[in-house]
Amino acid sequence: MSLFDMFMAMLHQSGLLALRDLLPAWLALDLRQLIFVVVTPVFIGVTVWEYRRIRHDPALFNVPEAIRNFMLGMGYQVTELLFAGVLMFPVYAFVYHHRLFDLELNVWTGLLVFVGTDFVYYWMHRTNHRVRWFWASHVVHHSSERMNFSTAMRQSALNIFNGQWLFYVPMIWLGFNPVWIGVAYALSLVYQFFIHTTLVTRLPAVIEFFFNTPSHHRVHHGRNPGYIDTNYGGILIIFDRLFGTFADEREKERIHYGVTQPPPAQDLITLWTHEYQAMFRDMTKRGAVWQRLQHLWRPPEWQRPMARENVCGEGSKDRVTD
């Protein structure tokens, strides 16, 4: 046996080649993240272009923060790619195996995937704001006090662990292939990147009526009275109009971005975990177990009656009782 044959035998027996053969199929299931990774250089280029337009105003663009935002986005992409195959795909595969209908991909089912994914995204996004367990991750995206393209990359590496991907299970059960949903979701994320800007004012009225636009999304990121918890749409804004969560941008009023109580620090670990820490800290306060557990599913601003006068968790929204 030649030295080359010995080397190849060792390589085959290591199991590495078998792992290589499995890897493309595993990654293909998460096309949403792969698409996002592929277009990231475009995002960087567009952000540089935007920086050259607004670099004169520190209130609009801060280079260290922009770099931090892309690092937050990188953390999000890495954890999604590493853990989706362990947490999300087995559930999706099981549900799809027991689907109600066998659907073929064509123009009509493709349209249903697009609208259905955006419909589910609306409710998932709305839940991210109104259920504290989900807000604890989503707050990362809203904690910047600037609105620019880099803000779109400001994501939590813990998203994959909070279970928000379960919102798409009903679509999969009906017969929509998870890969189709992943592609539609990825395209929604790509679209949403381009609405994180102050450079675009108003688009034609018909576009503003049906689609999420920079104007609508600036409102979504604002903490002005009447702006918080509005405009949840992904690509479409019609679901906000249908379900009463739409708010129009007041053109003569300056938008204040960010959350009502900023994070205690700006390092990545603090940004990813500060609201989880605050939530669990609230749960440790005296009271019945049932009362403590309610911090998980109540709105971010909710506090138990005995804790209403206490200082609440950092990074949350206004702490008022319902």
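The legends below describe close-up views of a predicted model.

Residues are numbered from 1 along each chain as its sequence is written. In this predicted model, local features need pLDDT of at least 70 and side-chain atom pairs count only at pLDDT 80 or more, whereas totals for chains, interfaces and linings use all residues, and side-chain values rest on heavy atoms, with hydrogens and water left out.

**View 1. The chain contains 14 helices and zero strands.** Helices (H or I, at least four residues) and strands (E, at least two) are DSSP runs, numbered from the N terminus. The pattern along the sequence is α-α-α-α-α-α-α-α-α-α-α-α-α-α. Of the 322 residues in the chain, 49% are buried, that is, under 20% relative accessible area.

**View 2. Residues 34-51, 72-95, 107-124 and 165-187 carry the UniProt feature "transmembrane region" (unreviewed entry).** UniProt positions follow the numbering used here, feature names are shortened, and annotations may be inferred rather than shown by experiment. Residues 34-51 are 100% helix and 0% strand, with end C-alpha atoms 26 Å apart. Residues 72-95 are 96% helix and 0% strand, and their end C-alpha atoms lie 31 Å apart.

**View 3. Helix H6 covers residues 107-130.** The expected span of a helix is 1.5 Å times one less than its number of residues. At the start of H6, a side-chain oxygen of Asn106 comes to within 2.9 Å of the backbone nitrogen of Trp108.

**View 4. The largest pocket holds about 410 Å³ of space.** Its lining has 19 residues, and those closest to the centre are Leu60, Thr198, Arg254, Ile255 and Tyr257. On a 1 Å grid over the protein atoms alone, a pocket is an open set of points with protein on both sides within 12 Å along at least five of seven lines, a cavity is a set where a 1.4 Å probe fits but cannot get out, and lining residues have an atom within 4 Å of a point. Grid points are joined across faces, edges and corners, and a volume is the space filled by probe spheres set on the points. The lining of the largest pocket comprises five nonpolar, three polar and 11 charged residues. Ala, Val, Leu, Ile, Met, Phe, Trp, Tyr, Cys and Pro count as nonpolar, Asp, Glu, Lys and Arg as charged, and the others, Gly among them, as polar.

**View 5. The second largest pocket has a volume of about 300 Å³.** Arg32, Met88, Phe89, Tyr92 and Pro178 are the closest to its centre among 23 lining residues. Helices H4 (63-87), H5 (89-97) and H9 (178-193) each give at least two residues to this lining, and H9 has the largest share, with five. The lining of the second largest pocket divides into 16 nonpolar, four polar and three charged residues.

**View 6. The largest cavity has a volume of about 320 Å³.** Of its 24 lining residues, Tyr121, His138, Gln155, Leu189 and Gln192 are the closest to the centre. Two or more residues of the lining come from each of H3 (31-54), H6, H7 (132-142) and H9. The lining of the largest cavity holds 11 nonpolar, 13 polar and no charged residues.

**View 7. Trp297 is found in the segment after helix H14 (289-293).** The relative accessible area of Trp297 is 39%, so this residue is partly exposed, a class that runs between the buried limit and the exposed one of over 50% (1.4 Å probe, protein chains only). Trp297 and Trp135 are 162 residues apart along the chain, and their C-alpha atoms are separated by 9.8 Å.

Note on methods:
A polar contact is a pair of N or O atoms within 3.5 Å; within protein, one must be able to donate a hydrogen and the other to accept it, and residues adjacent in sequence count only if both atoms are side-chain atoms.
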